[in-house]
Amino acid sequence: MHHETASRAGAPRQLESTLLARLRPGLRPADPDTARARLAEIAPAFPDGFLTPACRALLLGLADHSPFLWQAITRSPERLVALMGQAPEAASRAIIARQRAVGGGDNPDLAEVGRRLRRNREEHALLVALADLGGGWDLDAVVQALSDFADASVSAATDALLRQGMAAGRFHPQDPAAPQAGSGLVILALGKHGGAELNYSSDIDLVVFYEAERAAAATGGDPKAFFVKLAQGLVKLLSERTADGYVHRIDYRLRPDPGSTAVALSTGFAFDYYQTLGQNWERAAFIKARPIAGDIPAGAAFLADLAPFIWRRHFDFAAIAEIHAMKRQIHMVRGHDTITVAGHDIKIGRGGIREIEFFVQTQQLVFGGRKPALRGRRTVEMLGRLVEEGWIDGQARDELTAAYGFLRTLEHRIQMIRDEQTQRLPTGDAALDALARFAGFDTRAAFEAALLHQAGRVQAHYALLFETAPGDGEPEDALVFGESEPDPATLENLAAFGFRDSRLAWETVQGWHVGRRPALQTGRAREILAELLPSLLRALGGTNDPDAALLTLDRAFARMPAVAELLAILRSHARLRLLFADILGTSPHLADTVSLSPHVLDTVLDPDFVAPMPAPEQVHAQYRALIGQPASHEEFWDRCRDATRQMVFVTGARLLSGLITPLQAGEAYSAIAEATVALNLEAELRRFTQDHGVVPKGRCCVLALGRLGSRQLSAVSDLDLVFLYDFDPEDRMSDGPRPLDAVVAYNRLAQRLYAALTTATRRGRLYAVDLRLRPYGSHSPPAVQLNGFVTYQREAAEPWEHMALTRARVVAGDPELGAAVMATIADTIAQPRDPAEVCAAAGAMRRLVADERGHAGPYDLKLAPGGLFDLDFLAQSIVLSNPDVRSDGIGLSGEAVLRRAGAHGLLPAAMAEPLAETYGFLDAVYQWQRLVMADPGAVPSDSAARQIAKAVGLPDARSLAAELHRHRRRTCALLARIKRTVIGASQG
């Protein structure tokens, strides 16, 4: 078997040749004399030239090893000859077609239907064995043929039972020629049958549902009794053993609550059950679910409706622990703790087929909700997809694929001996010797070595998937928190972890154990915490400030209604524990996000987390994908908040992990905000149109100013927005059920958009929005008509308002209106100006801001003298005053404008470069402040200052303070020189 599998994989199938021509030697009889005698008894029935060397070897092997197959051959040697004389693919299709047609005809005789089904099954089983053992088919072809035949068997039996119901007047199909179509009957195949991976003598796992409304129409009343009887009839037709054998054993135990429910259930009942009581093992079972008979579209629709139950939107780490526990339970109950040969179960034993399936299905359950490519039914195909999506490496795929092929082929050899549903190896020496030869090995020792090698590989990969429980095997880290006074050894361990105040750390954790935090009072949360605690405390101890990180975690536990989910996620992955500890120790903003929505941590495991930063259009696409197709506007609001929170978290986590720069973080935060505004405007427009219709020739857009306009948003920035609109004054009423004047309509729409962005729901809010930069500020309506905007900018705007326009950018709405707005802004900025007047106006505005708002001290990088506000005013003044930078200066950051000013000679290089350098440094620190400080304008704590210093390449907090002071002092000196130069040139 070991060399057969490899050779088949590399050889192209000769689909046009007969099976006889494709046979290759492979079987070795254990008792050649007896085999030759048996073959001699039927040899006269074969035509001349039939017993080729390869054919003779195959038949001698079957005569010796398989009583089941040899009986099928001796019952009809002519059938054997006929099968060998065809291409096996054609023969299989013909038998399957005959099987599917068995259920036809009016009021069929079920006894005769059963006989024909069984005879077809024996012929097909013989064909599959010949093609498999003779080397004509690979494993994939074998399991596909077996699955296709099972589909045909179930469909034929269903046809026969429905037609019998028609004859009795109990079933009235939409189309008498196709009674299954439109019947509402749903028959799903699960397990290997559903995945088209059926084994040679397998049960078939079926569930029978019915769609109540269509089924009632077909049965003329309550459909339950009819379809329960049909499900029972399927068992009788397919599973009962008669003189002709059986067709398939049917297992209905994968239906909802099989101990107390009927064998046929309504889809409504099933859907409610899975949504409320469904377990992870049922989710795993439905990965492979496939409609195979009955009303196929109804089955597909049911599975589509059930998809959110199977495929969770977030990474589901709880599924790993539960499925692994189920696997451990199988080992304990059945005593399969070690890999042996004699008596070993190659399906559910260690290193067996089930471990490969669990390896794949567990990762499908965890990641498939976010990765549709991982939702396939077939094991080997999904191993390949797991590599493509970055979850496993090529070696794991190749080794598990090889082991799967080896074990599945061995499974078939075991079952072909007597057509028994077993995966257990024999225990006797003679039987093991014979199986080794049947499997293609020269000796039993070679067979045992191959089995142990493949099973050992499977066990190794499976063990790597399920990380050892945190803290296991480390008795020196024993931690005791149940006593009223701290244990000295526990305090020593906490100090060794890195906690400066080990007693306070002990008191904090002891409070969790005694239930001071309601979220930790549930049994499951306490159980997971006890297991997770040593590794979690070690992770916290590795942060810049373990004591602060622990207190941040304690505050998070105090806010959270439940923590079991978060703890389960942290328990499942060491990388997440380390990042979470860093977040707790450095970023209260990100810690709040995790406490509100633990599954944002999932994103850190996504391979895209370390990918290059996406372009804005990719961010828009990602945002839309996260929103999906919500069923209501309320759900849309919730999904927007979840999506924005997740994407902002990812950006902060990437910055914290050193994967992106502060400049890139600003661009990413801005792209997320832009996507949020654009999608919310689309949604509010749709909703508004339903209520009030469309304003003819009306259009609107959203203009971003400030840091969103220049793509410099931080983790906690407000959005400076202006809502603009335009319409035909000759046709100004909307055309909906409740028409509105255009001015009223667009102002209401603007209010709705601002509410969508700022309203706090149970999922939080999106952004704070500042509207004060619109014409006339807070004294004007929320929406601005284009004509009014043009007039205001031309006749009434202050110089500082024109300065603000240098960072303007349209981020949502009608592209043509957006272009018109940007053309107006370009014309406004292009107006000729005296640089000295611009400088004077900027200075006056700066003094006004200083008088009204002051600043919060040397760490107020925005408003402190020589800070970002001063540099932005300088950059904006340069854009207004100089045509050389106007054409490419709109929407740029201050740093970019200052560098352009140096390139164009508007500032001496000795000034431009230091100013741009200072801007970049201050802006980087500004980004970090907003990520790691709860109050960014306050004096940072020692740990926050150390974190920021490290992030910007400085050794300690003292160096950070000195560098900030140096940069701002230099800026003040350079600004004073520039002011003197500009005013002096004007006066001269």
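Helices here are DSSP runs of H or I with at least four residues, strands are runs of E with at least two, and both are numbered from the N terminus. The model is a predicted one, in which local features need pLDDT of at least 70 and side-chain atom pairs count only at pLDDT 80 or more, while totals for chains, interfaces and linings use all residues. Residues are numbered from 1 along each chain as its sequence is written, and side-chain values use heavy atoms, with hydrogens and water left out.

At the start of helix 38, a side-chain oxygen of Asp 834 comes to within 3.1 Å of the backbone nitrogen of Ala 836. Ala 836 is also one of the buried residues of this helix, together with Val 838, Ala 842, Met 845, Arg 846 and Val 849. Buried means under 20% relative accessible area, exposed means over 50%, and partly exposed lies in between (1.4 Å probe, protein chains only).

Stepping back to the whole protein, there are 44 helices and 10 strands. The C-alpha trace spans about 125 × 80 × 55 Å along its principal axes, and 56% of the 988 residues count as buried. Among contacts (heavy atoms within 4.5 Å) between residues at least 6 apart in sequence, 73% join residues at least 24 apart.

A search of the whole structure finds three cavities of 30 Å³ or more. A cavity is a set of points, on a 1 Å grid over the protein atoms alone, where a 1.4 Å probe fits but cannot get out, and its lining residues have an atom within 4 Å of a point. Grid points are joined across faces, edges and corners, and a volume is the space filled by probe spheres set on the points.

The largest cavity holds about 120 Å³ of space. It is lined by 13 residues, of which Arg 121, Leu 146, Tyr 200, Val 247 and His 248 are the closest to its centre. Helix 8 and helix 9 (139-167) are the elements that give two or more residues to this lining, and helix 8 gives the most, with three. The lining divides into seven nonpolar, five polar and one charged; here Ala, Val, Leu, Ile, Met, Phe, Trp, Tyr, Cys and Pro count as nonpolar, Asp, Glu, Lys and Arg as charged, and the others, Gly among them, as polar.

Two residues named in that lining, Leu 146 and Tyr 200, are also touched by His 412. His 412 sits in helix 19 (residues 394-418) and counts as buried because its relative accessibility is 0%.

The second largest cavity has a volume of about 70 Å³. Among its 13 lining residues, Leu 705, Leu 773, Gln 793, Glu 801 and Leu 805 lie nearest the centre. Strand 6, helix 35 (786-795) and helix 36 (799-805) each give two or more residues to the lining, with the largest share, four residues, coming from helix 36. This lining comprises 10 nonpolar residues, one polar and two charged.

Most residues other than glycine have a negative phi. Asn 107, although not a glycine, has a positive phi of about 45°; it is found in the loop between helix 7 (88-101) and helix 8 (110-133). Lys 697, likewise not a glycine, has a positive phi of about 60° and lies in the loop between helix 32 (662-692) and strand 6 (699-705). Asn 107 is partly exposed, at a relative accessible area of 47%, whereas Lys 697 is exposed, at 67%.

Technical notes:
On a 1 Å grid over the protein atoms alone, a cavity is a set of points where a 1.4 Å probe fits but cannot get out, and a pocket is an open set with protein on both sides within 12 Å along at least five of seven lines; lining residues have an atom within 4 Å of a point. A polar contact is a pair of N or O atoms within 3.5 Å; within protein, one must be able to donate a hydrogen and the other to accept it, and residues adjacent in sequence count only if both atoms are side-chain atoms. Lists of a residue's contacts leave out its neighbours within four places in sequence.
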